[in-house]
Amino acid sequence: MTDPEPSHRVGPQPIDALRVRNLTAEDIKSALRAGLSDYLARPLLSSSFGLVFAAGGFFVFASLFYFGQVWMVIPVALGFPLIAPFAAAGLYEMSRRLALDIPFNWRDIYLIVVRQSGKELGWMAFVVLFVFWLWIYQVRLLIALFLGLRPFSSLESFFQIVTSTSEGMLFLGIGTIVGTALACVLFCISVISMPLLLDRQIDFISAMLLSIRTVRDNPSVMLGWGAVIGVLIFMAMVPALLGLIVVLPVLGHTTWHIYRSAIEEISEQNSSEPETS
């Protein structure tokens, strides 16, 4: 398959050439409809990304049980959705090609994902994984500070200690605050930057700044979308991660359409305005 490069992907692009639009709840609804349409257009290929993500999560949780680290299951389960944006890179490319009516197959999409490792999106993936590492590190630190060397022989014993002791409740409260803060930071820097880096030639620092600007200019709409992502992914993880096979692809496609609604080129906007004498 051939993939003609759109003009906006040829050559580096300064952040000043892009503008953030004002978004409404209707834009999110339209993006959800478009995301579901993209999923239904190629359900098997879309679901393959959700399957890979779910399989990776299953492997991580199985490893925790195998090595006797059952107390880490809940923190990892809560932090696991943080790396979902990078897992959706192939979904962004699918939505881009569907919108441009560019034919593609499985090899085309997965090859695009592999090629990102040496590009700006690869650096963005490093940022995402670093935030996930911070989440795991702060959980271990808080456990050491508040719960000390208490033995956790099972998930039930960990849950009982956390919910029935003052130290456990303090750990739970502070951990929730810190975790929420990290999730908000990661959402702000990645929600637009991930699809942006796939779509345009721009450095990952500028992409993160533009993503932050999008959330800053549309706080209620974008943070509301972030809450929807968190709730849906967490619910999808409950049935042995199987819900991720469908939920993750739909959210990935939807995020692409939100990006396309949120970001526009200033030159394109100006060229569409009638000239005045």
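Colleague: Which residues of H9 are buried?

Modeller: In H9 the buried ones are Gly 168, Phe 171, Gly 175, Gly 179, Leu 182, Leu 186, Phe 187, Cys 188, Ile 189 and Ser 190. Buried means under 20% relative accessible area, exposed means over 50%, and partly exposed is in between, with a 1.4 Å probe and protein chains only.

Colleague: Before I go on, what sort of model is this?

Modeller: It is a predicted model, where local features need pLDDT of at least 70 and side-chain atom pairs count only at pLDDT 80 or more, while totals for chains, interfaces and linings use all residues. Residues are numbered from 1 along each chain as its sequence is written, and side-chain values use heavy atoms, with hydrogens and water left out.

Colleague: Fine. How many helices and strands does the chain have?

Modeller: The chain has 14 helices and 2 strands. Both are DSSP runs numbered from the N terminus: helices are H or I with at least four residues, strands are E with at least two. The chain has 277 residues, and 48% of them count as buried.

Colleague: Back to H9. What length does it reach?

Modeller: H9 covers residues 166-190, which is 25 residues, and reaches 36 Å from its first C-alpha to its last. That is close to the 36 Å expected at 1.5 Å a residue; the expected span is 1.5 Å times one less than the number of residues.

Colleague: Take Leu 182, then. What does it touch?

Modeller: Leu 182 lies in H9 and is in contact with Val 131, Leu 134, Trp 135 and Gln 138, leaving aside neighbours within four places in sequence. Contact means heavy atoms within 4.5 Å. Leu 182 counts as buried because its relative accessibility is 17%. Its C-alpha is 7.1 Å from that of Val 131, a residue 51 positions apart along the chain.

Colleague: How much of the contact in the chain is between residues 24 or more positions apart?

Modeller: Such pairs account for 77% of the contacts with a separation of 6 or more.

Colleague: What about Ser 211, buried or exposed?

Modeller: Buried, because its relative accessibility is 0%. Ser 211 is in helix H11. Residues up to four places away aside, it touches Phe 187, Cys 188, Ile 189, Ser 190, Val 191, Ile 192 and Ser 193.

Colleague: Different topic. How many aromatic pairs are there?

Modeller: A search of the whole structure gives 5. Rings of Phe, Tyr and Trp (its six-membered ring) pair if their centres lie within 6.5 Å; planes under 30 degrees apart are stacked, over 60 edge-to-face, and the rest tilted. One of the pairs is Trp 123 with Phe 204, stacked at 6.3 Å centre to centre with 15° between the planes. The pair links distant parts of the chain, with Trp 123 in helix H7 (residues 120-146) and Phe 204 in H11 (residues 204-217), 81 residues apart. Phe 204 is buried, since its relative accessible area is 18%.

Colleague: And how are Trp 133 and Tyr 137 arranged?

Modeller: They are stacked too, at 5.3 Å centre to centre and 20° between the planes. They sit 4 residues apart in H7, so about one helical turn separates them. Trp 133 is partly exposed at 48% relative accessible area, and Tyr 137 is partly exposed at 46%.

Colleague: Now helix packing. How do H12 and H13 cross?

Modeller: The axes of H12 (residues 219-237) and H13 (residues 244-262) come within 9 Å and cross at roughly 165°. Axes are lines fitted to C-alpha atoms, for helices over the stretch in contact, and angles run from 0 to 180 degrees between N-to-C directions. H12 and H13 are therefore roughly antiparallel. Under 35 degrees counts as roughly parallel, over 145 as roughly antiparallel, 65 to 115 as roughly perpendicular, and the rest as oblique.

Colleague: Which residues make the contact?

Modeller: On H12, they include Trp 225, Ile 229 and Leu 232; on H13, they include Val 247, Leu 251 and Thr 254.

Colleague: And at what angle do H2 and H6 pack?

Modeller: About 40°, with the axes of H2 (residues 43-66) and H6 10 Å apart. They are therefore oblique to each other. Residues in the contact include Leu 45 and Phe 49 of H2 and Trp 106 and Tyr 110 of H6.

Colleague: Last one. Where is Asp 101?

Modeller: Asp 101 is in the loop between H5 (89-100) and H6 (106-115). Its phi is near 60°, a positive value in a residue other than glycine. Asp 101 counts as exposed because its relative accessibility is 70%.
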